[in-house]
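Subject: Handover of a structure model

Dear colleague,

Please find below the sequence and structure that I am handing over to you. My notes on it follow.

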Amino acid sequence: MTVKTADHWVKDESLAPKGRLMIEWAEEHMPVLLAIRKRFEKEKPLEGQRISACLHVTKETGALARTLIQGGAELRLCGSNPLSTQDEVAAALARDGGSVFGFRGQSAKEYYQCIAHALAHEPTVTMDDGADLVSTLHKLAYREQGSEIETVREVLKGLDAEKLVEDVISGTEETTTGVVRLRAMAAKGVLKYPIIAVNDAQSKNLFDNPVGTGQSTLDGIMRATNILIAGKDVVVIGYGQVGSGIAERARGLGAKVTVVEVNPVRALRAVMFGYRVEPLSKASEHGDIFITATGNINVIRGEHMKEMKDGALLCNSGHFDVEICKPDLEKLTARKERINFCTEKHMLKNNRSLYLLAEGRLVNLACGEGHPSEIMDLSFAIQALSVEYAIKSAGKLERTVIPVPKEIDERVAHLKLETMGLSIDRLTEDQMEYLASWTTGTEQS
Ligand SMILES: NC(=O)c1ccc[n+]([C@@H]2O[C@H](COP(=O)([O-])OP(=O)(O)OC[C@H]3O[C@@H](n4cnc5c(N)ncnc54)[C@H](O)[C@@H]3O)[C@@H](O)[C@H]2O)c1
């Protein structure tokens, strides 16, 4: 049962008081975002903007939503994954008059209906996590076919898709997979407005992806299973920003970690950081826990599943639920049983069992609460400042994927250090001159 009105679609409005406390808890750990909010309250830089945001509806997103609204924006939020919405937070935002479309456990059709409601807001700015909202908007404008597009058209009724996309000034994108998709759109010349790659800002990518996902992925696995990590044979597939953080945290908890990669440089880096590196065909024979973090499709396939030990656990921390090939798992499965809210036991035809967490969706958000608030403080500070920058730069940005300005990136890092009570050194005049010079080298005494 869900509650649907003209401006929200949430699971249960009575969860609002708990959601409010959750958002307040997050805010206590997000001082940089709160400092930005304070300025936004005074300056109202987002006044008159309609923002449609497709983000994981977590308590930290609640804090970001309040910041954008305080900045003057009319915000409509939808979830960016069928399993990641924290229903308490959605209820709290709705009770405060916010417009939010998302609930945990929605079907794919309901997921796209929520995206459609976000688009019906007729945005001037989009915020996305994974690029589903932006790609849907573009598919509509290019009159693409497909069941999800039909679902969206039904909700949008007569709205003119070309006009919808023309009215968007700019957008932001939160994650690696979204940026990859947007770059593909830009390369094909189909991206119709500039989008700022929040994911690629250093103050996001060096902390959110490895540190945030590292901790929250292990936390998600532990919440779903209460399994002991120490002594386990953990296989991390994809040793990029996210995978390297997961590998490090798994090792920190006492696991023996194997890394699987396709990129020789990344694989070599894993070797030099002390991990065993193997192809998945080999690691499949000994792993206890398999964690994908590649942003790629069909990474763990039937041929690997057949080799896995009885009781092996499979989960994913990449953006979409395509990394573990679920159709292959279904084909191998004789019977399945749901163990708890997040864990499904697949009894295979070969008489072994495999456990799949969160239906192969983001384990840290579906089984846990996502990244710690302190980490999202950085990511969402970059988001808020990028939206402000996008609006100030209206009409001046190229229709492509734009980097976050260095000044914003560094300002957020400085603010975070400040809120942690830390200060750093500054370059002296002669150091700046030295670094800018090409004439000074080996000196003859
Ligand atoms: N769970 C979360 O909260 C969260 C947070 C941030 C990013 N993400 C997602 O995690 C995924 C990875 O992001 P990232 O920033 O680490 O990207 P990245 O590009 O830094 O790393 C991906 C790595 O996977 C490797 N890879 C690709 N295909 C592979 C295959 N078939 N087998 C083995 N390795 C393979 C690549 O070589 C690369 O090293 C993306 O989908 C991203 O959107 C999730």
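How many salt bridges does a search of the whole structure find? The answer is 34 salt bridges. Please bear in mind throughout that this is a predicted model.

Salt bridges

Glu369 lies in the loop between helix 17 (363-366) and helix 18 (373-392), while Lys59 belongs to helix 3 (residues 59-70), so the pair ties together parts that are 310 residues apart in sequence. Glu369 counts as partly exposed because its relative accessibility is 27%. Lys59, with a relative accessible area of 7%, is buried.

Two further pairs deserve mention. The side chains of Glu248 and Arg249 form a salt bridge with an N to O distance of 3.7 Å. Glu248 is partly exposed at 46% relative accessibility, and Arg249 is partly exposed with a relative accessible area of 32%. Glu330 and Lys336 meet through their side chains in a salt bridge of 2.9 Å, N to O. Here Glu330 is partly exposed at 37% relative accessibility, and Lys336 is partly exposed with a relative accessible area of 40%.

Helix 5 and helix 6

In general, two packed helices are described by the angle between their axes and the distance between the axes. For helix 5 (residues 108-119) and helix 6 (residues 132-141), the axes come within 10 Å and cross at roughly 75 degrees. Helix 5 is therefore roughly perpendicular to helix 6. On the side of helix 5, the contact is made by Tyr111, Tyr112, Ile115, Ala118 and Leu119. Helix 6 contributes Asp132, Leu133, Thr136, Leu137 and Leu140. Sorted by class, the residues in this contact of helix 5 with helix 6 are eight nonpolar, one polar and one charged.

Nine strands form an open sheet with mixed pairing, in the order 1-2-5-4-3-6-7-8-17. Which strands stand at the edges? They are strand 1 (3-4) and strand 17 (401-403); each has a single partner strand, so one side of each is left without a neighbour in the sheet. Within the sheet, strand 7 (residues 170-173) and strand 8 (residues 195-197) pair in the parallel sense over three bridges. Glu173 has Ala197 of strand 8 as its bridge partner.

Helix 4 (residues 87-95) touches strand 2 (8-10), strand 4 (74-78) and strand 5 (99-101), and its direction makes about 150 degrees with that of strand 2. Helix 5 packs on the sheet as well, touching strand 1, strand 2, strand 3 (50-54), strand 4 and strand 5. The direction of helix 5 makes about 170 degrees with that of strand 4.

Strand 12 and its partners

In a regular strand the side chains alternate between the two faces of the sheet. Strand 12 (residues 289-292) is covered on both faces: Ile289 and Ile291 on one side, and Phe290 and Thr292 on the other, are all buried. Strand 9 (residues 233-237) runs parallel to strand 12 and is joined to it by four bridges; in strand 12, Phe290 is the bridge partner of Val235. Strand 12 and strand 13 (residues 312-316) likewise run parallel and are joined by four bridges. The bridge partner of Ile291 in strand 13 is Cys315.

Backbone points

Most residues other than glycine have a negative phi, and most peptide bonds are trans. Lys44, although not a glycine, has a positive phi of about 50 degrees. Lys44 is placed in the loop between helix 2 (31-43) and strand 3, and is partly exposed with a relative accessible area of 32%. Asn298 has a positive phi near 45 degrees and is likewise a residue other than glycine. The place of Asn298 is in the loop between strand 12 and helix 15 (302-305), and its relative accessible area of 35% makes Asn298 partly exposed.

With kind regards

Terms used
Residues numbered from 1 in each chain as written. Predicted model: local features only at pLDDT ≥ 70, side-chain atom pairs only at ≥ 80, totals over all residues. Heavy atoms only, no water. Salt bridge = Lys/Arg side-chain N within 4 Å of Asp/Glu carboxyl O. Helix = DSSP H or I, 4+ residues; strand = E, 2+ residues; numbered from the N terminus. Buried < 20%, exposed > 50% of the residue type's maximum accessible area, 1.4 Å probe, protein only. Axes fitted to C-alpha atoms, helices over the stretch in contact; angles between N-to-C directions. Parallel < 35°, antiparallel > 145°, perpendicular 65-115°, else oblique. Contact = heavy atoms within 4.5 Å. Nonpolar A, V, L, I, M, F, W, Y, C, P; charged D, E, K, R; others polar. Pairing = 2+ DSSP bridges.
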